[in-house]
Amino acid sequence: MTRLTLIAALALGGSTLAVPAWEWTPQKSGVSARLRGVSAVSESVAWASGSGSTILRTEDGGATWTRLPEPTPDRLDYRDIDAMNATTAYALSIGNGAASRIFKTTDAGQTWAEQYRASEEKIFLDAMTFSDANRGIVLGDSIDGRFFFMTTDNGGARWIPVPVDRLPAALPNEGFFAASGTNVAALGDHIWIGTGAAAKARVLRSADRGLSWAIAETPVAAGPSAGIYSIAFRDAQHGIVVGGDYAKEAEATDNCAITSDGGATWTLIKGLSGFRSVVAPVPGAPATWIAIGPRGSDVSTDDGRTWTPIEGPGFDTFSFVRGTAIGWGSGARGAIAKLRTLN
């Protein structure tokens, strides 16, 4: 076991607040694919997905990872995977037109049902998320100046495009980065989406499951390869966006912003130690967050106002087990590791 930990202290009103120590345990995925999708179900069961039609699953805490049967003979890049439990999961593939698909399994990945296949070449799916086992949203890059969203309320049996007249207008070239499957977040009827690749990095938010939308500009750096790569909320008010410029992974310029009013306004935060492609609140630890990118990670214990680097590897994406401070990160060349707090 390789131990990569952080133990730091922050002065806080004359008292000392210990930053939790974290331990990464590298695991062997058995593949060389870039794993940009990961979904943790329990301390034993987790799923991962990536390039080359790769979908993996563990049921022994990552001691062994099993490559699952491919959902289709077509070679696809599965950029996002969302597991509902040990046996049910959704996998999303990206690409123009028919390469953008959604599959579902209910038998732990032994068989997959194709739920959606894009019929128009302009459609390019990027990510999805679910607020519960039945309700989900999938997003795609803008088409002719309008975003492309679909929702389901029956576990994906039917994916319904959000009507064009209800969609917010997109800026020139504005879209979403299919980098970690985490640029969309949902809590109950609330949905938040972070954009990129345009002149501004913005957050789209809905309080009625996509029937209406409001837009907020953020101070996060924007540009062709820059913007918001990940967005997360610990409750309906407190959220964080991270990102930066993927072409400049070592830089940490204007790549984090926080909100305490549900996403209506965003405050720029300094302190992340590089480009970050995923951010997540730590379950059971109010105001504590983890931000991770291909070159490393950081932790905050004050709702994102200050950050401390975590020594160790980086990953493209990350997922906590619901209700626990245990999760998995995955990334390039089949890299996968389990994270837990030692406190």
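How do the residues that line the second largest pocket divide into nonpolar, polar and charged? They come to nine nonpolar, one polar and three charged, where Ala, Val, Leu, Ile, Met, Phe, Trp, Tyr, Cys and Pro count as nonpolar, Asp, Glu, Lys and Arg as charged, and the others, Gly among them, as polar. Please keep in mind that this is a predicted model, in which local features need pLDDT of at least 70, side-chain atom pairs count only at pLDDT 80 or more, and totals for chains, interfaces and linings use all residues. Residues are numbered from 1 along each chain as its sequence is written, and side-chain values use heavy atoms, with hydrogens and water left out.

**Pockets**

- A pocket here is an open set of points on a 1 Å grid over the protein atoms alone, where a 1.4 Å probe fits, with protein on both sides within 12 Å along at least five of seven lines; its lining residues have an atom within 4 Å of a point.
- The largest pocket holds about 920 Å³ of space, a volume being the space filled by probe spheres set on the points, which are joined across faces, edges and corners.
- Its lining consists of 41 residues, with T129, F130, S319, F320 and R322 nearest the centre.
- Two or more lining residues of the largest pocket come from each of β4 (37-40), β8 (77-83), β12 (125-130), β16 (184-187), β20 (226-233), β24 (278-281) and β28 (317-320); strands are DSSP runs (E, at least two residues), numbered from the N terminus.
- Sorted by class, that lining has 24 nonpolar, eleven polar and six charged residues.
- The second largest pocket has about 180 Å³ of space.
- It is lined by 13 residues, and E120, I143, F147, F148 and V164 are the closest to its centre.
- With four residues, strand β14 (residues 146-152) gives the most to the lining of the second largest pocket.

**Salt bridges between separate parts of the chain**

- There are 20 salt bridges in the structure, each a side-chain nitrogen of Lys or Arg within 4 Å of a carboxyl oxygen of Asp or Glu.
- One of them pairs E174 with R202, with 2.7 Å between the closest N and O atoms.
- E174 sits in the loop between β15 (160-161) and β16, and R202 in strand β18 (residues 202-206), 28 residues apart.
- E174 and R202 are both buried (buried means under 20% relative accessible area, exposed over 50%, partly exposed in between, with a 1.4 Å probe and protein chains only).
- In another salt bridge, the closest N and O atoms of E217 and K200 are 4.0 Å apart.
- Because E217 lies in strand β19 (residues 214-217) and K200 in the loop between β17 (190-194) and β18, this pair ties together parts that are 17 residues apart in sequence.
- E217 is exposed at 51% relative accessibility, while K200 is partly exposed at 38%.
- R295 and E249 also form a salt bridge, at 3.4 Å from N to O.
- R295 is exposed at 58%, whereas E249 is buried at 19%.

**The network around R101**

- A network of salt bridges links D74, R101, E114 and R117.
- R101 belongs to strand β10 (residues 101-105) and is buried, with a relative accessible area of 5%.
- The side chains of R101 and D74 are joined by a polar contact of 2.8 Å (a pair of N or O atoms within 3.5 Å; within protein, one must be able to donate a hydrogen and the other to accept it, and residues adjacent in sequence count only if both atoms are side-chain atoms).
- Leaving aside residues up to four places away in sequence, R101 touches (heavy atoms within 4.5 Å) T72, D74, L76, A91, L92, S93, E114, Y116, R117 and L125.
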